Number of protein chains: 4
Amino acid sequence: MEHIKNIAQLQALAEKHIAEDYFHYLEGGADDQRTLSRNITAFQSIQIRPRRLVDVREVDTSVQILGQDLPSPIILAPVGWQGYFHSDGEIATARAAQSTGHLMIASTVSVYPYSDIAKELERKPWFQLYPTTDRRITKLLLKKAEDEGCPVVVLTIDLPVAGNREKHIRTLTQGLKNEQKQTGNLRGLLKEGETPWDSSMTWDIIAWLSANTQMKIVLKGILTHEDASLAVKYGADAIIVSNHGGRQLESDLATIEALSEITDAIAGKIPVLFDGGIRRGTDILKALAIGADAVCIGRAYCYGLGAGGQAGVERAIQILQEELVRNMKLTGVTSIQQLNRNYVRLGMFK
Amino acid sequence: MEHIKNIAQLQALAEKHIAEDYFHYLEGGADDQRTLSRNITAFQSIQIRPRRLVDVREVDTSVQILGQDLPSPIILAPVGWQGYFHSDGEIATARAAQSTGHLMIASTVSVYPYSDIAKELERKPWFQLYPTTDRRITKLLLKKAEDEGCPVVVLTIDLPVAGNREKHIRTLTQGLKNEQKQTGNLRGLLKEGETPWDSSMTWDIIAWLSANTQMKIVLKGILTHEDASLAVKYGADAIIVSNHGGRQLESDLATIEALSEITDAIAGKIPVLFDGGIRRGTDILKALAIGADAVCIGRAYCYGLGAGGQAGVERAIQILQEELVRNMKLTGVTSIQQLNRNYVRLGMFK
Amino acid sequence: MEHIKNIAQLQALAEKHIAEDYFHYLEGGADDQRTLSRNITAFQSIQIRPRRLVDVREVDTSVQILGQDLPSPIILAPVGWQGYFHSDGEIATARAAQSTGHLMIASTVSVYPYSDIAKELERKPWFQLYPTTDRRITKLLLKKAEDEGCPVVVLTIDLPVAGNREKHIRTLTQGLKNEQKQTGNLRGLLKEGETPWDSSMTWDIIAWLSANTQMKIVLKGILTHEDASLAVKYGADAIIVSNHGGRQLESDLATIEALSEITDAIAGKIPVLFDGGIRRGTDILKALAIGADAVCIGRAYCYGLGAGGQAGVERAIQILQEELVRNMKLTGVTSIQQLNRNYVRLGMFK
Amino acid sequence: MEHIKNIAQLQALAEKHIAEDYFHYLEGGADDQRTLSRNITAFQSIQIRPRRLVDVREVDTSVQILGQDLPSPIILAPVGWQGYFHSDGEIATARAAQSTGHLMIASTVSVYPYSDIAKELERKPWFQLYPTTDRRITKLLLKKAEDEGCPVVVLTIDLPVAGNREKHIRTLTQGLKNEQKQTGNLRGLLKEGETPWDSSMTWDIIAWLSANTQMKIVLKGILTHEDASLAVKYGADAIIVSNHGGRQLESDLATIEALSEITDAIAGKIPVLFDGGIRRGTDILKALAIGADAVCIGRAYCYGLGAGGQAGVERAIQILQEELVRNMKLTGVTSIQQLNRNYVRLGMFK
């Protein structure tokens, strides 16, 4: 897939390969999809301030997150139903993560069960959790992940109810096959048509998780400094700044707009991961400069998955990694740790 | 009408059902219609700051306004000439308000008289008043409403003269039938072609109204903190922030832009209702967070009226009520009273 | 021309009636015409703050400028070569000014001489002056105007050299007839092809004018507070804020953007007239609220001239005067003198 | 080429004459080309504040830079591979610089060697340097330039690695002929396919250059006040504010946005040249008013080169010089030295 030069080209190729309904599922956002597009365009209001005459022959993109040494700050975000995009689903993604050395986060609603995904990876994927109203099922999910060696559970906290995704409501209901309505982790655990997600979760969930697993706990979906501070207070090990890819609340708030107030509040106490709108190496560099410790990509690698299975995911990762390295060199930094807010400015003529 | 997923789809359907002239009458605004469209787009400059890990299984949308318990902050604004949009006119609207439990405000220039509308509703509609130069007619209108049990008169104060609605001037004059030039409340009270509205009203009108009715008095059309303070000073029981749906003065001012200075000035002394540009549940949530106690929808339910009579109005109300509930859950609030300015921010990177 | 509802419709009609070359001459601006369009669009960043419950049955639009009582703050700006737009040229404009009672400013480069124009008007037009390098010609022009009873000379100070009007350079050179290359005031005074305008003028011109005429002196073309203060210092009787209709310097500066710093600097010492981009009554109201004492319209009435001669100019004036009156009523003011900056605000959410 | 009225027309003509691949090479920028276009559009946020009643018969555009008297602040920026645009390549450019009296900066990667270019010019061109990893080659290049009388070396510091120019990657690789892959200065010095540029340069390069040449040293590619201050500290004789024409890092930062922080930091200690997005005389005037001592044009003259060889370059220079003179007159300044920040403002309603 060397002829594919950027994520936008990969997206165009994915549109050709993925069935229309499923492509809409991948692309869709809440309501009028303004938050969805603002996640991407808001990066354009951030300017990079490149420094010159730095020896950039060697660039180190490694980061350390929750005690793990990662060769790159690019993490594969949890994305459900990857079987919609390619018949190999999450297995292809896992193999690409393995071959490129990147960290993967596996979704509760993956088509393949966590155990199958974990088999493909030396560095065990983190497990993303949607807690069920019936906590016995949640415990079962946690135990299965932990038994496979999963070190971290990523609790999604921005889905107390499903968002208003009109676009894929319109299209997805027609093309669905029955066997695709179930996911690997939950197969056999739910009654038909049951929506098991818990709308009652409060900050006590962290204590409950701590009591039921040894895995570290990451909260995914923080958008305010208030909740960032509460995450620290209640003992979360890390957070992910995320608006669920613009699929939940149309809030006219891009995640990159929310990032600075959050990293200010966290002040280095726990790692801050970032998620939303990353399509270029410059986006990654901007998020890291504002204070994120790593970034998660979602649609970007799913375009690769749709476009070419494992090879496509590898290409997506490779493109962004190469862009990150090139942009670090052009910005005059040789390690992720050097990036700080002096490398960006916001708005014109400041 | 379950296949209609949002107000925009309802608007498209209404355009097919309503005669062109009358649809332009519904859609039109003053001058170049910039205030009209800004009423809608200005909401996009307000960002919601959603909070996480709140138990949102139960959400209560009830509000108390002027001593009345309302199950929802969504009120049906006074809209005249509803016979243009559907042969059942205001009767269809009233039946939808009754079936869904929402408050309706009936217009002076309704095609059906207030008494007919009131018959359809257990919770009697508020009566919107355009005072006539001949105050004897005004007294008659007030008495008729009060006799039907109307608890509140809504005085429109932004129509000292008609706005420059070029769009429907161009089209409406052709298609009109004679019997549609009269309204139920004024039939027989005016000479042919007479324009009875009073351009001389001053703040004394409140004292005059108090002397002539027991109904509570709401001023509709406030756009500045100065007038908001005067409303309190002169004894209004509530105000509605409104620019008459962008139909009067092209001022390049959206109502949502004016809201904060007004709720600051009112500081809770009397209820502040909001009107203008609401097409989504997020719009409602933003207006309430900035400080409105309730919101009025106008075109939104008239699209429903045109699209399907009573069932269409019910669908419009249902869509917005469902979006409000969903968005409250996604924002982490369980009652309207919890909303405050911490739930919104204005502009980027603040 | 009653079917014409606004200046935009008049503009469209003018485009049909005026030969293409001459219409481009009327419409064209400097360079890429951004200042030209910004003159118009910048008004959209100013919001009107309308006040309610004011008795607006009677509205008085009269203003007093340089000792003259004018029934309206709308003045006909000097526009040259009006013969391009209609065979009656400035005579049609003068007759419309006479019939509607508005003040006219006659251009040095009018097709008809000042004396012919003045004959049509009881209130003698002001005379706009481009000083010639040969000051004897300038003296002659001043004397001719003064002899006809002209009370005010308007000195244009933003044309030391011609602007870069590429659009009409491209088109106008083809269609021109010889007799149209001369103007009434200068006929016989210049050699063929001579460009007589003076690039050497300094602030001493005011003293020179004072020594050579009894007429009051107005400076047209001020865009900065520094020059506004100098105008007062050197004894100008009034100024006109103008960028020559966007035809001279493409500065990305709309006149309405420059107005407030100028009226601040002038602080009422002399009248401030405003010119640039007025197409609606709201534009007039905004300029007056920011501090202008009157406004000049140029293209707006020339559209009328092209569309229908005297009747077209009358329609242009009538439209704007009616819009001004309506908008004053809708804003809650009954005289021009009541307007101040409380009636406007700039930008969102202030 | 008198019928060509502005740079945009020259660009359109160039597109017809230059082979598609090579035109894309000229036009292309990094990534999504937003920095490329922002370089141009950012000028529109700067407004000129023109002053009136200044005697502008005589305007002097001369500047003194590094001891050289230049008749104009317009300098021909180093552009490589000019043979792509016209068969005469840099020779045509040099002849145009000679005939118009403007300073030229010759590129390391010019198709013709420096000695051939220098022969055409009385005022010897400055030599732009990309240092090679093998410093012996760099020394050779410096010596050759110095031997021809070159007074200044311009060190490009924003190309530690090549930018991501997807557009011309896509097209240029097809059309290239072998002999065009070599440049005059480097012919015979490099192995086939070798990329000799040095990614290891640090601020020590200035001392190394000082030790190896008598030429003055200019740093090209500064975008921050920090690096501007370092340039002074390490002994650079001048700097050029540049983002390599938007071809290196897509940073969403236009050079004109970066200029003011840099001229503030430099505070007159050394000359500041400016490069990026200049297409009009107003752009030049704005850059000089913000504090640049001179400006470099690149694509603007290359359009001329493509459109008509030497005559086209002359026309590009002539257009911009005439626009600069006209705009100085319309702004009320008679020398470059008079320009300062009072002649501009940023944003609306300040």
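## Relation between the chains

In this predicted model, chain D is brought onto chain A by a rotation of 90° with 0.0 Å of shift along its axis, and the superposition leaves an RMSD of 0.0 Å. That is the relation of a four-fold axis. In general terms, two copies of a chain are related by a rotation about an axis and a shift along it.

## The contacts between chains

Where chain D meets chain A, the contact draws 33 residues from chain D and 25 residues from chain A. On the side of chain D that touches chain A, two or more residues come from each of α7 (166–175), β8 (216–222), α9 (225–233) and α10 (255–266) of chain D. Sorted by class, that side of chain D holds 13 nonpolar, 11 polar and 9 charged residues.

Chain D also takes part in a contact with chain C, in which 33 residues of chain C meet 25 residues of chain D. The side of chain C that touches chain D receives at least two residues from each of α7 (166–175), β8 (216–222), α9 (225–233) and α10 (255–266) of chain C, and its residues divide into 13 nonpolar, 11 polar and 9 charged.

## The sheet of chain D and its helices

Chain D contains an open sheet of 8 strands with parallel pairing, in the order β4-β11-β10-β9-β8-β7-β6-β5. The edge strands of this sheet are β4 (74–76) and β5 (105–106) of chain D, each of which pairs on one side only. β4(D) pairs with strand β11 (residues 294–297) of chain D in the parallel sense over 3 bridges, and within this part of the sheet Ile75(D) has Cys296(D) of β11(D) as its bridge partner.

Two helices may be followed against these strands. Helix α12 (residues 299–331) of chain D lies across β4 and β11 of chain D and runs at about 165° to β4(D). Helix α10(D), which also gives residues to the side of chain D that touches chain A, lies across β8, β9 (238–241) and β10 (272–275) of chain D, running at about 175° to β10(D).

## The nonpolar core

The largest nonpolar core comprises 465 residues, and those with the most contacts inside it are Val295(A), Ile239(B), Val295(B), Ile239(C), Val295(C) and Val295(D). Leaving aside residues up to four places away in sequence, Val295(D) touches Pro73(D), Ile74(D), Ile75(D), Leu273(D), Phe274(D), Asp275(D), Ile278(D), Ile284(D) and Ala287(D).

## Two residues with positive phi

Gln33(A) has a phi near 65°, a positive value in a residue other than glycine, and its place is in the loop between α2 (20–27) and α3 (34–41) of chain A. Because Gln33(A) has 17 C-beta neighbours inside 10 Å, Gln33(A) counts as partly exposed.

His244(B), which is not a glycine either, has a positive phi of about 60°, and lies in the loop between β9 (238–241) and α10 (255–266) of chain B. With 23 other C-beta atoms within 10 Å, His244(B) is buried, since the cut-off for a buried residue is 20 or more such atoms.

How values were computed
Residues are numbered from 1 along each chain as its sequence is written. Chains are lettered from A and ligands numbered from 1 in the order in which they are written. This is a predicted model: local features need pLDDT of at least 70, side-chain atom pairs count only at pLDDT 80 or more; totals for chains, interfaces and linings use all residues. Two residues are in contact if their C-beta atoms, placed from the backbone, lie within 7 Å. Helices (H or I, at least four residues) and strands (E, at least two) are DSSP runs, numbered from the N terminus. Ala, Val, Leu, Ile, Met, Phe, Trp, Tyr, Cys and Pro count as nonpolar, Asp, Glu, Lys and Arg as charged, and the others, Gly among them, as polar. Copies are superposed by least squares on the C-alpha atoms of residues with pLDDT of at least 70 in both. A nonpolar core is a set of buried Ala, Val, Leu, Ile, Met, Phe, Trp, Tyr and Cys residues joined through C-beta atoms within 7 Å. A residue is buried if 20 or more other C-beta atoms lie within 10 Å of its own, exposed if 12 or fewer, and partly exposed in between; C-beta atoms are placed from the backbone. Two strands pair if DSSP finds at least two bridges between them. Axes are lines fitted to C-alpha atoms, for helices over the stretch in contact, and angles run from 0 to 180 degrees between N-to-C directions.
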